[in-house]
Amino acid sequence: MMGSANSGDLSSEMEVDAFRRLFPLRFHERHLLESIRPDARMLGKARDTTLALGAVASADGSALAKIGCTTMLAAIKMEVMTPTAESPDMGCIAIDFHMPPICSPTVRPGRPAEAAPVVSKQLSDTILSSGMINLKDLSLVRGKASWMAYLDIYCLDADGALFDAALLSAVAAFSNLQIPIVALNDDGRVVVVSEENEGGKLKKEPVNKEKRKLKLSSIPFSLTCILHKNYILADPTAEEESIMETLVTVVLNLSGQLVSLYKPGGQFLAYTSAIQDCMALTRQRVKELKKILDEAICDMEMD
Amino acid sequence: MLVQRMEIDRADGRTPNQLRKLACSRNILNRAHGSASWSQGETKVLAAVYGPKAGTKKNENPEKACIEVIWKPKTGQIGKEEKEYEMVLKRTLQNMCLLTVHPNTTTSIIIQVVNDDGALLPCAINAACAALVDAGIPLKHLAVAICCCLAESGRVILDPNKTEEQRLKAFVYLVFPNSIQSVLPEGALQVGGEPYEHGIITSVTHGLMSVDEYFFCLERGRAASAKLSDFLRRSLQLQVPSESSKTG
Amino acid sequence: MSGTAPATYSPSPTMQNKKRAPIFTDVDWVRPDGRGFRQCRGAFLRTGAANAASGSAYAEFGNTKVIVSVFGPRESKKAMMYSDIGRLNCNVSYTTFSTPIRGQGSDNKEFSSMLHKALEGAIILDSFPKTTVDVFALVLESGGSDLPVVVSCASLALADAGIMMYDVVASVSVSCLGKNLVIDPITEEESYQDGSMMITCMPSRNEVTQLTVTGEWSTPKIHEAMELCLDACSKLGDIMRSCLKEAASASQE
């Protein structure tokens, strides 16, 4: 460790970029003292967020979410399964999160990223426990057939707050979901009723004419914050996450319930006041994200 | 009257705040540098510590010690859930360890699940903590982990077993620092009006709850962590004399 | 949880069971998307798709959507002997939703090695000795002619990363359907084809880096197809260059 006075002199002579690489923590702390972050954001401010629905033509529902540079592409494919005996009138949702090598210099092909299964598990827990989707809505024929919704989320660009962006894209993909109209054929299999022969000879009665859209109630949204000393930094970038390691992710749904409060270790302890501050920031963010989602749905319906 | 009704709720006849029987033994494996077994009722976990070994893993900061956690389930392959446990455990232990004492080294912690009857992750964290002490890894403080379960009525029960965990609407895993016995005057270790040991190292929640219910869990968890702290300290102290006589 | 997922099937009819559509046997038929036989799909190209990479590009040809990231030159991960020239490492993978039936994609070894061979000849490997350049491609949606799109997009991403090349690599494929040659085929046409040809070339040097021919071909047909491909490649090369110029002038402002 160098004396602080000594390196303080050094910093004034050094170029900003070199200082940033050599003393990343001090570079960031110097910003925090001024209540600003290197990308000119305030501490509690999230990055610009955009949503585009229906990005994947081959899927039944899809969305592209961007928070700053972090980009997520989520797509849902609907398949048919035989429901289990315990829950004959329920469908199923299978969620997988992928980090292909294109998204980050640290991911190599053949070796899956460490973070991917963890985010995947968190997403499943959050989406299934939030009560957003009633699994009974995914039933087709009681005891015979129900929907299995495969939700795959691909990280196209990883720049911090992966879970937040992944959850946003997942929620948006579900709100974009258009369930295909299907009928039972003679073999007892479920087949799509195609648009073409709908007008003319329609032998089979569709089983799900009214259920083209899923009803989403109490949608969950999340915000990840960094705790660093007394500072709370909302929506961190990858650089900030690598330097200041204490992360808190709060997930709230639209009915104001807590879906998850996730703080996996880290250097700093979270006291009640910090937890309350994180929740307040999340409440604000939920409002922002709700607006962004509503606007994206509106844009989609206009087209 | 009310108290009685609450007691009947738990299948094993415990009161809501009562923990299961705790047991901890250290130095149970010969080849490991440190080891411990920890059990809470029927849940039992073995932890072994190897290290510090030279060098860090790829992409890890060589200026700090690297901590590696390997989770061995009771049966079968390691899945997403175990990967998450590994990550939570690793970050929790990073909080406890003095990482700058042995830079550019790796310490491996192997967690073997012996039996899972609820509150598995807290049990593993407690076991890992005892094993780290046994291996003599430099630590900032100890940590205690606790599981709080939330019933539909908003009541909290502590240290649930598997059936309670599955039946009730939500549960929270909480990890707090061990309460510190120091020579400093009362209140010297306060952080923003709260005692040091009330800070959350780790929080993992499952299921829906209201914000107030979370804080209620937090309060109950903190109260229980004091008891756990005492037990941990007692069981770590017990074995010290026998160890020094062995080396001497 | 996901390990015990029950067996599922897609309700949409599968294509393999269908017989070859009769229209393709006639001399006069219309392509499914209404294009002329010698008309390519509209191409959309953009550089700088992923910020985390040294260079990246996104390409959209009809329903085929591809994103390519380039990392490096950086330290070689595999323990390698000293080498005077750089190493090129390529990987092509598919998203699970890229094909009509879920989960047919994932890693594609054959495409990875073909992408490597197509690019190798164009890159000045002497310019980054001892190091590796990684080219990773992800096919977001597969709509036919996937590999040619991946190759063109990869060369754009390499240029975006500032890797020295002799020229951009443009790639186009042609399918032989009965008596007809169709350029830039879509998935449906590819599934009925009698033969296919893919050319990757450096248009301004008039050099071919890779030529792949599969299926049944007569010699005059091969000549005709090559002419067709090379012509389309040079046009695609122009589009790629203008895309790069646009990005460069935008960053200067």
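This is a predicted model: local features need pLDDT of at least 70, side-chain atom pairs count only at pLDDT 80 or more; totals for chains, interfaces and linings use all residues.

Student: What makes β3 of chain A and β1(C) a pair?

Tutor: Strands pair if DSSP finds at least two bridges between them. Strand β3 (residues 70-81) of chain A and β1(C) have two bridges, in the antiparallel sense, so they meet the cut-off of at least two.

Student: Which elements of chain C supply at least two residues each to the side that touches chain A?

Tutor: Those are β1 (8-9), β4 (64-75), β5 (87-94) and β7 (131-141) of chain C. The largest share, four residues, comes from β7(C). Overall, the contact takes 32 residues from chain C and 34 residues from chain A.

Student: How does the chain C side divide into nonpolar, polar and charged residues?

Tutor: It has 16 nonpolar, 12 polar and four charged residues.

Student: Over in chain A, why are β10 and β12 said to stand at the edges of their sheet?

Tutor: The open sheet runs β10-β9-β11-β12 (chain A), with antiparallel pairing. β10 (231-234) and β12 (258-262) each have a single partner strand, so one side of each is left without a neighbour in the sheet.

Student: How do you know that β11 of chain A pairs with β12(A)?

Tutor: Strand β11 (residues 247-253) and β12(A) share four bridges in the antiparallel sense; the cut-off is at least two, so they count as a pair. Within that pairing, V250(A) stands opposite L261(A). Helix α4 (residues 115-129) of chain A packs on this sheet, touching β9 (220-228), β11 and β12.

Terms used. Residues are numbered from 1 along each chain as its sequence is written. Chains are lettered from A and ligands numbered from 1 in the order in which they are written. Two residues are in contact if their C-beta atoms, placed from the backbone, lie within 7 Å. Ala, Val, Leu, Ile, Met, Phe, Trp, Tyr, Cys and Pro count as nonpolar, Asp, Glu, Lys and Arg as charged, and the others, Gly among them, as polar. Axes are lines fitted to C-alpha atoms, for helices over the stretch in contact, and angles run from 0 to 180 degrees between N-to-C directions.
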